[in-house]
Structure formats: structure tokens, C-alpha cells
Amino acid sequence: MNDKFSKIGFILAVAGSAVGLGNAWKFPTLVGTNGGSAFILLYLLLTLLVSFVIFLAEIVIGRLSESDPVRAFEKLAPSYKGAWKYAGFFMISALLIYAFYSVVMGWILKYVVSSALYLPKSIDESGAAFNALLGSDFLSAAICFTIASAFCFFIVSKGVKSGIERLNVWMMPALFILLVLMLIYAASFDGFGRSAKFLLVPDFSKLNKDSVLSALGLAFFTLSLGVTTIMTYAASLPARTNILTSSINIVCINVLIGVMMGLIVFTFIFEFGGDPKAQGPGLVFVSLVVLFSKLGAIGNILAFLFFTSLLFAAITSAISMLEPAIYYLVNSRKLSRKCASLLVFAVTYVLGICCILGYYGGTSEYFSLGGKSFFDVLDYLTSNILMPLSGIIVAIFVGFAIKKRAVEILLRPYMGRMGFKLWYFVLLRFVAPAAIVVIALNQLKILNF
Ligand code: TRP
């Protein structure tokens, strides 16, 4: 059996997993362009109806089995154990996400250092610098990636309590403090008022069917669902934890940090005339650095703080992607934690280098598939196919396969009889799987709603 988290350690570790790059470069832009807090309300509603439902189902699997994902499905399935256990292998998706996530961590690390020293003065210069890192500076990209990835493995190799928990209990508060400092500074600009208006004042007329689909996709992605991470962390849940209030805390921390990140980013976008529709890597690595440069030396400090907070958010997510596979190797395959970590490191390292080579000028054509770079292939495969598929399987497993009695004994004390019935019979069995099918078909462009 794995060692256990403390109560606060569990909340911070899961929140650390949830809070990641999505909060910085997806959440703020989607909120801003879809009617501010009207979108936040929609996002919370869909979180409640879909993501939170699957989230609790993953917690149930982890808590009841106290095992790694493969063993968990095998242990809890009343019949067809041999077949169900394959559902645990969705932990491989977490490693695929890790491969490209760790490459981005390398970029962030590079920017922590370089933006403290120098910030580009124009979008052209900034775009050229970012493209150079990807397209021609293989050595920098590879070195930074190696350092970031090695650090994550060092942490997970130390185990749940003295590695993962110990890191999260200081890194998450540190992330929060960095954001508060930046927020206080941002509040001294005129752009702050416009940023707050953009993000917080509801405008229901901007909500449309695309907002619903984006909110659903986002709600699923930011809670780190569909890759067995949550069930693995829940296997180390301390006894007598109130599952419901802990989960609600986690969702609140996630939204709060997304809003804080958004307020900071959009203050500078409005203050210096950036593009409020920008998102993803272009937003942070190209636009923001130019906006920061307009502040002179303070801009360098701000950029350093901003990229450090992004690095913290990414690291706490990245280690949660590694734990399922490592725990499986330790628990079911009886490897030592060091050996398991090294093995997983080797596999993800090769995949990460392939991602870097997929962008590198000389090799990009060999590391691409159907016009997409290796990096984008992994992203597409995990977000659009593997994660939704695993979400549906988890819902079916907990909703129909495992004994209802065991699930009820676990959750009813926290949810009450009616709450449990609503969650189990309506949301878990029908609403959540149907909603996931709709997002997945839409993302794959099989159906265009
Ligand atoms: N939630 C993370 C973010 O917002 C990203 C993420 C998606 C993730 N799936 C995951 C993290 C699985 C850990 C495990 O950036």
C-alpha cells in the first residue's frame, strides 16, 4: 500500500494537479470572450453536472480500492475482472500528456531566466525569439526540458508523503502569494478596472452553443480527469476525510486561481493594447513578454514572477501525471520506487525529445503525422480521444458495474440520501456520459453542433 496524504496535503496535491497551464492560458481568455462571469457561472454549472460527477467517481475508485489504477479496476469489478483491468491502462494517457507538458515546462524555465535579464520590445522580435527556441535552438530547449523533467522525477521518486505532498504544501501557497503580489501591483493600473469588467461583469448575450462546449471541455481538462490521476491520489486519501467538502474546496481553488491569473494577464493586455482574444503559448511567450517590457526594469521583475508562478503551477500538475504509472509499477509489478521512476523517466524522456524534434527545423518533417507535429498529435490524441473515452468508462464502471452498496456507504454520509440518488441514478449514469459524448464528437468534428 502507498503511504497516505494528510488532509490538507490531499487537497493541495489535487488542487496542484488541477491548477496548471489551463488556468493561465485557456481559462482567462475563454471567460473574457464569452461574457465574463456569465461564462464562469456556466462553467460552474457544467462542472457540477459533468466534471464533478466524474471526479467523484474517480475518487470512489481510488478510495474503495486503495490501489493503483489497473489493480483498482480488477479489484472492484464484480465480474469480467480481466477485461476491466485494461481500463486502468488509461494511465498511459497521463504519460503522453506529461511528454508534451514537460516540454512546455522547459520553455517556461528558459523564460524564467531569460525574461529576468531581457524582454523583447516588439511582437515581431518576441515571436522571432520564441520561434527560434522551438525551431533552431535545440540545445536550449533540450537542456531546459531535461532539468524540468528531472526535477519532477526527483520529487515523485520520493513518494507520496515526502515527495508529492511536501512539494505541494509549499509550492501551492507560494504560487498563491506570487499571484497576490502581482495582483496588488496590477491594481495600480487603469487596465485593471477594464480587466475586472471583462472577466467579472456578466454579459449573458455573449453565451452561445460554442460557449457551452468550451465550458464543458475546459471543466473536464482543468480537473485533470480521464487519465487516472485523481483515482491514484484518492488511493492515498486519509481516513475520515470529508470527500465532498474537500472536492468543493479543490474546485473553488481552481476557479479562484484562474480568475486571479486572468485579472493579472488582462490588466496588461488592456493597459498596453494587447489582443484580448489571444490564448495558449502565443499569449504568454509572445504577447505578454512584450507588454511587460513596456514597464522597464519592473517589467523584468514582473516577468520573472509571472513565469515562476507558471512554472510552479505546471510542476504540481506534471508530477500528478507521473504518479499513476509509477504507483502501478511499484504496487502491481513490485519495482522499487527509484526503479519505477527511472523507467517512466526514460519513456517520457524519449517522447519529450520527439516533441522537441517535431518543432526543430532540421527534423520536423520526420516527427509529424498528417501535417501535425508530434507535440500536437499527442495533445490531440489525449484531449480529444483518450480522456473523454476514459471519462465514459469511469462513469459506466462506477454507475453500473461496481456494487452500488459500496459506493453508497462511502458517499451517502456526505451527500445525504437524495443527493446520492441524484448523483448516482441521474448524473453519473446518464447526464455525464451523454455530455462527454457530445463534446468528444464535436471536438472530433464528426458532428458539428
Ligand atoms: N489540469 C491541468 C491544467 O489545467 C492539465 C491537465 C489535464 C492535467 N489533464 C491532466 C494535469 C491530468 C494532471 C493530470 O493545466
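1. Salt bridges, the rule and one case. A salt bridge here is a side-chain nitrogen of Lys or Arg within 4 Å of a carboxyl oxygen of Asp or Glu. K209 and D210 meet this rule through their side chains, at 3.6 Å, N to O. K209 is partly exposed, with a relative accessible area of 46%. D210 is partly exposed too, at 44%. Buried means under 20% relative accessible area, exposed over 50%, and partly exposed in between (1.4 Å probe, protein chains only).

2. Basis of the values. This is a predicted model: local features need pLDDT of at least 70, side-chain atom pairs count only at pLDDT 80 or more, and totals for chains, interfaces and linings use all residues. Residues are numbered from 1 along each chain as its sequence is written, and side-chain values use heavy atoms, with hydrogens and water left out.

3. Salt bridges across the chain. The count comes to eight salt bridges. One of them joins the side chains of K4 and E66, at 2.9 Å, N to O. This pair links distant parts of the chain, 62 residues apart: K4 sits in the segment before α1 (7-18), and E66 in the loop between α4 and α5 (69-76). Helices are DSSP runs (H or I, at least four residues), as are strands (E, at least two), numbered from the N terminus. K4 counts as partly exposed, at 24% relative accessibility. E66 also has 24% and counts as partly exposed. A network of salt bridges links K4, R63 and E66.

4. A salt bridge within a helix. The side chains of E408 and R412 meet in a salt bridge at 3.1 Å, N to O. Both residues lie in helix α19, four residues apart, about one turn of the helix. Is E408 buried or exposed? E408 counts as buried, at 12% relative accessibility. R412 is partly exposed, with a relative accessible area of 35%.

5. Aromatic pairs. A pair of aromatic rings is described by the distance of the centres and the angle of the planes. Rings of Phe, Tyr and Trp (its six-membered ring) pair if their centres lie within 6.5 Å; planes under 30 degrees apart count as stacked, over 60 as edge-to-face and the rest as tilted. A search of the whole structure finds 41 aromatic pairs. Among them is the tilted pair of Y111 and F307, 5.4 Å centre to centre with 50° between the planes. Y111 lies in helix α7 (residues 91-117) and F307 in helix α16 (residues 297-331), so the pair ties together parts that are 196 residues apart in sequence. Y111 and F307 are both buried.

6. An aromatic pair within a helix. F266 and F270 form a tilted pair, 6.2 Å centre to centre with 35° between the planes. Both lie in helix α14 (residues 243-271), four residues apart, about one turn of the helix. F266 is buried, with a relative accessible area of 1%. F270 counts as buried at 15% relative accessibility.

7. Charges over rings. The rule asks for NZ of Lys or CZ of Arg within 6 Å of the ring centre and within 35 degrees of the ring normal. The charged end of K26 sits over the ring of F221, 3.9 Å from its centre. The charged end of K85 sits over the ring of Y86, 5.8 Å from its centre.

8. Cysteines. A disulfide is a pair of cysteine sulfur atoms within 2.5 Å. How many disulfides does this rule give? The count comes to zero. C339 is in no disulfide; its nearest cysteine sulfur, that of C152, is 20 Å away. C339 counts as partly exposed at 43% relative accessibility. C252 is partly exposed, with a relative accessible area of 47%.

9. A nonpolar surface patch. Patches are made of residues with over 30% relative accessible area and no salt bridge; like charges are joined within 9 Å, nonpolar side chains (Val, Leu, Ile, Met, Phe, Trp, Tyr) within 5 Å. Accessible areas come from the Shrake-Rupley method with a 1.4 Å probe; for residues, only the protein chains shown count as cover. L45, L48, L49, I396, F400, L422, F425, V426, F430 and V431 make a nonpolar patch of about 850 Å². At least two residues each come from α4 (37-65), α18 (374-401) and α19 (404-443). Helix α19 gives the most, with five residues. L49 is found in helix α4 and is partly exposed, with a relative accessible area of 31%.
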